[in-house]
Amino acid sequence: MKWKAVVASVLGAAMIPAVSTAEVAVYDWPDLETPVLVDAGSGVVLLGKDGAPMRAFSWRGNEGERDQALRLVDMLGDGTPEIVGAGRPTFVLRANGEPVFEIEKGCDQVIVADISASRGLDLACVTGREIRAYTGDGQFAWGVEPGVRLEWCQAEDVTGNSKADFECKVRGREQYVRISDSGEPIGEPVGEAGMSGEAPAVNQAQASSDALLKEGGRFDFDGDGKAEERLVVEEGSLKVVGAAGEDAPLAEVSTRGKVEAALIKELDEGGGATLVAVSKERIYVIDHGEEGVRVRDYSADASRYRRVPFADLASVYANGFEDSAAAQQAVRDIGDRISQCYASRLRSNAYAGSGRQIVQLTVGEDGKVKDVMQMHSDVGDGQVERCARQALERGTYPGAQSGTATLNVNILFTFRDEAR
């Protein structure tokens, strides 16, 4: 039987890091909300259009030749990358840092490959005696317990349908079990590996040149249309040097440790170029505007940020009430309780879902809620959704004008991370 490697399609250069080392990288990130992603080895920090950290995630990442703590790959098949963290917890984030789904207890090993017939890529989670498969948006596909403890697994196409099948080594033995892309055992355990051992090529962020940090690498920092500035990096210092030379730098910054990654990017349209320079400890954001040079620095340690939740009543539509304005205000009066639903969930789980929830309430002539219907949600967190519906259901509303009235409530749950 011929073994055919399953290789995912790549997106090209959209997610290429400007500069990368083994532990520190800064990415020209293809998201309008969070145009820069920083990986300093202790998690990821996403910078917003204002250049300040917007979202940060830290976790106990997996290590070893068969897994990697961070993958940047199109899981949803929409042409943009998601952020996949492997370890405890294991999770998938949208490009802007909003959670898609989380495996809270984590995985001993994660394999990203084309497993199911769903759009995009899928995730296989190996945990001791079990391997489970999920679609890119977090739908459970299947789970298998082969009856033995698993040391590690690898994926290739055995059945010839361009989907990933699995071969898993039995812990403590030179024996392997094989599982199809649908979660069914393939044959009996065998005494030697039949797969190549090469992981599917799915990581769509690839290393690029480190021209900014090399002597002679030129860029346009002062916005005059001429790429004649360069960086001079030493242990504890960073200079942006122009035509006048090192004796008259355009910017000079004392740094903690040596800068190991750097990126020039226009973060906000019309806002001019911004230099983002990263050491293992700090993120330096340097702008050159009409008022001169501005330098800001932030922690590169993702665990040093705290989550600030927002629950925004984006719109409230009332129809059929004796007093529509009073009905809308009654919903807004519940806003703090809805916000608490989200804040409470985020305190217990930093990877709780975020997104938009639309709820329709049907209210009788006595002002009591007769029905609550969830019209839409991409929040991906049943606890938050249920709490918000209950808060709305327990509200006090004016009576319907005749028979029943309706309220359509559009809630946006989101967050920003701020330095502690």
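Here are some questions and answers about the chain shown above, which is a predicted model.

Me: Let's start with the whole chain. How many helices and strands are there in the chain?
Reply: The C-alpha trace spans about 80 × 70 × 30 Å along its principal axes. Going through the secondary structure of this chain, you'd count 3 helices and 29 strands.

Me: And what percentage of the residues count as buried?
Reply: Buried here means under 20% relative accessible area. The chain still exposes about 19300 Å², with carbon and sulfur atoms supplying 43% of that area. Out of its 420 residues, the share that counts as buried is 50%.

Me: Okay, zooming in on strand β4. Which residues point the other way from Val 44 and Leu 46?
Reply: Strand β4 covers residues 44-47, and Val 44 and Leu 46 point one way from it. Whichever way they point, all four are buried. The ones on the other side are Val 45 and Leu 47.

Me: What is the bridge partner of Val 36 in β4?
Reply: Strand β3 (residues 36-39) runs antiparallel to β4, and 4 bridges join the two. Val 36 sits in that β3 range. Its bridge partner in β4 is Leu 47.

Me: Which residue takes a positive phi in the hairpin of β3 and β4?
Reply: That hairpin has 4 residues between the strands. The phi in question is near 90°, and the residue that takes it is Gly 41.

Me: Now the other neighbour, β5. Which residue in β5 does Leu 46 stand opposite?
Reply: β4 is also joined to strand β5 (residues 53-57) by 4 bridges, again antiparallel. The hairpin of β4 and β5 has 5 residues between the strands, and Gly 51 takes a positive phi near 85° there. As for Leu 46, the residue opposite in β5 is Arg 55.

Me: Let's look further along. Which strands stand at the edges of the open sheet?
Reply: This open sheet has 4 strands in the order β22-β23-β24-β25, with antiparallel pairing. Two of them have a single partner strand each, so one side of each is left without a neighbour in the sheet. Those edge strands are β22 (261-265) and β25 (292-299).

Me: How many bridges pair β22 with β23?
Reply: Strand β23 takes in residues 274-278 and pairs with β22 in the antiparallel sense. Within that pair, Leu 263 stands opposite Val 276 in β23. The number of bridges is 5.

Me: Which residue's backbone oxygen lies 3.2 Å from a polar atom of the Gln 357 side chain?
Reply: Among the residues that Gln 357 touches are Glu 385, Ala 388 and Arg 389. The backbone oxygen at 3.2 Å belongs to one of these, Glu 385.

Me: Last one. Which residues touch the most other members of the largest nonpolar core?
Reply: This core has 42 residues, and its largest share, 6 residues, comes from strand β29 (residues 404-419). Another core of 20 residues, including Val 26 and Ile 283, lies apart from it. Leu 392 touches Val 331, Ile 338 and Tyr 397, among others. The two residues touching the most other members are Leu 392 and Tyr 397.

Notes. Residues numbered from 1 in each chain as written. Heavy atoms only, no water. Buried < 20%, exposed > 50% of the residue type's maximum accessible area, 1.4 Å probe, protein only. Pairing = 2+ DSSP bridges. Polar contact = N/O pair within 3.5 Å; in protein donor to acceptor, adjacent residues only side chain to side chain. Contact = heavy atoms within 4.5 Å. Areas by Shrake-Rupley, 256 points an atom, 1.4 Å probe, with all protein chains shown as cover. Core = buried A, V, L, I, M, F, W, Y, C linked by side-chain atoms within 4.5 Å. Lists of a residue's contacts leave out its neighbours within four places in sequence.
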